[in-house]
Amino acid sequence: MLVSAKDMLQKAYEGKYAVGQFNINNLEWTKAILLTAQENNSPVILGVSEGAAKYMCGYETIVGMVNGMMKELNITVPVALHLDHGSYQGALDAMAAGFSSIMFDGSHYAIEENIAKTTEMVKLTSEKGLSLEAEVGSIGGEEDGVVGKGEVADPAECKQIADLGVTMLAAGIGNIHGKYPENWAGLAFDALEAINASTGNTPLVLHGGTGIPEEMIKKAISLGVAKINVNTECQLAFQEATRKYIEARKDLEGKGFDPRKLLNPGFEAIKATVKEKMELFGSINKA
């Protein structure tokens with residue numbers, strides 16, 4: 001059964017480890033992440049962007065697939081199904097379909113409007129027992145066509161949003177979605193420290209987890225980050241494994257063209273990437 005991310009993140013925050021949010025794009029992705037979580041006894045968050053939801057036919061299809069898969073694979077570790085960077089309408093639609101966790105991203109609004117809309121979302125999600133993520137200071141890079149330059153959030157604004165009663169807070173600390181450019185300045189740890197101090201015991205979220213050096217990840221976890229989002233890294237692993245399979249002309253051998261064979265190297269590559277991240281984040285055997 002899907003659960004809210006609240007308990008798993010509170011435990012992670014107090015235990016100084018992080019739960020991975022791994023974004024899903026199709027059946028292979030979902031199955032690989034769920035099996036890896038179960039095999040490693042780790043809680044996990046399945047992230048779904050609005051673009052990926054559209055690609056997978058919509059929120060109800062995703063809820064049906066995830067619930068069915070959890071039952072038939074006997075998944076017993078805590079799993080949250082989370083809308084990633086949700087718009088106001090997207091959040092309402094995902095809630096109605098049965099998502100157990102919602103991110104309402106109001107970071108592109110003025111702080112007053114972000115507060116007003118997030119306040120409304122706190123009420124709606126708490127009535128349904130769902131977890132809620134809010135964002136302050138836009139995350140850099142591109143996510144579903146929205147481009148942010150990687151702002152550093154204001155700790156006072158973070159406190160205003162955290163005080164509304166959100167479950168977790170994504171605060172920009174110079175992180176970006178996608179691949180990091182060579183001239184990236186790194187995470188702003190002084191800002192993270194100030195944000196953590198100003199937001200009480202609110203678990204913090206690090207978006208754009210792909211390509212951040214391991215020591216920076218560990219330091220971010222020590223400063224209150226309890227949820228780390230990974231997407232691009234799984235996509236790159238999937239792409240590389242699939243490319244190798246085709247370049248080795250294995251799709252031309254026997255029934256190598258069968259999608260179950262063609263997609264399997266990518267599936268295994270996602271599993272390996274997810275396990276590696278769970279080890280780094282410290283969530284193994286924390287279910």
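These questions and answers go through some ring pairs, charges over rings and helix contacts in a predicted model.

Me: How many aromatic pairs does a search of the whole structure find?
Reply: The search finds five aromatic pairs.

Me: Why is the pair of Tyr59 and Phe99 called edge-to-face?
Reply: The ring planes of Tyr59 and Phe99 stand at 90°, and planes over 60 degrees apart count as edge-to-face. Their centres are 5.5 Å apart, and rings pair if their centres lie within 6.5 Å. The pair is therefore edge-to-face.

Me: Which parts of the chain does the pair of Tyr59 and Phe99 link?
Reply: Tyr59 is in helix α4 (residues 59-72), and Phe99 is in the loop between α5 (88-97) and β4 (101-104). These parts are distant in the chain, with the two residues 40 residues apart. Both Tyr59 and Phe99 are buried.

Me: What makes Tyr88 and Phe104 an edge-to-face pair?
Reply: The ring centres of Tyr88 and Phe104 are 6.3 Å apart, and the limit for a pair is 6.5 Å. Their planes are at 85°, and over 60 degrees counts as edge-to-face. Tyr88 lies in helix α5 and Phe104 in strand β4, so the pair ties together parts that are 16 residues apart in sequence. Tyr88 and Phe104 also form one aromatic cluster with Tyr109.

Me: Why is Phe104 called buried, and why is Tyr88 called partly exposed?
Reply: Buried means under 20% relative accessible area, exposed means over 50%, and partly exposed is in between. Phe104 has 1% relative accessibility, so Phe104 counts as buried. Tyr88 has a relative accessible area of 23%, so Tyr88 is partly exposed.

Me: Which ring does the charged end of Lys31 sit over?
Reply: The charged end of Lys31 sits over the ring of Phe267, 5.4 Å from its centre. Likewise, the charged end of Lys16 sits over the ring of Tyr13, 5.8 Å from its centre.

Me: Why are α6 and α7 called roughly parallel?
Reply: The axes of helix α6 (residues 111-128) and helix α7 (residues 155-162) cross at roughly 20°, and angles under 35 degrees count as roughly parallel. The two helices are therefore roughly parallel to each other. Their axes come within 10 Å, and the crossing of α6 and α7 is right-handed. Residues making the contact include Ile111 and Asn114 of α6 and Glu157 of α7.

Me: What makes α5 and α6 roughly parallel?
Reply: The axes of α5 and α6 cross at roughly 0°, and the cut-off is under 35 degrees. α5 and α6 are therefore roughly parallel to each other. Among the residues making the contact are Tyr88 of α5 and Lys117 of α6.

How values were computed. Residues are numbered from 1 along each chain as its sequence is written. This is a predicted model: local features need pLDDT of at least 70, side-chain atom pairs count only at pLDDT 80 or more; totals for chains, interfaces and linings use all residues. Side-chain values use heavy atoms; hydrogens and water are left out. Rings of Phe, Tyr and Trp (its six-membered ring) pair if their centres lie within 6.5 Å; planes under 30 degrees apart count as stacked, over 60 as edge-to-face and the rest as tilted. Helices (H or I, at least four residues) and strands (E, at least two) are DSSP runs, numbered from the N terminus. Buried means under 20% relative accessible area, exposed over 50%, partly exposed in between (1.4 Å probe, protein chains only). A charge sits over a ring if NZ of Lys or CZ of Arg is within 6 Å of the ring centre and within 35 degrees of the ring normal. Axes are lines fitted to C-alpha atoms, for helices over the stretch in contact, and angles run from 0 to 180 degrees between N-to-C directions. Angles under 35 degrees count as roughly parallel, over 145 as roughly antiparallel, 65 to 115 as roughly perpendicular and the rest as oblique. A crossing is left-handed if the near helix is turned anticlockwise from the far one by less than a right angle, and right-handed if clockwise. Contact means heavy atoms within 4.5 Å.
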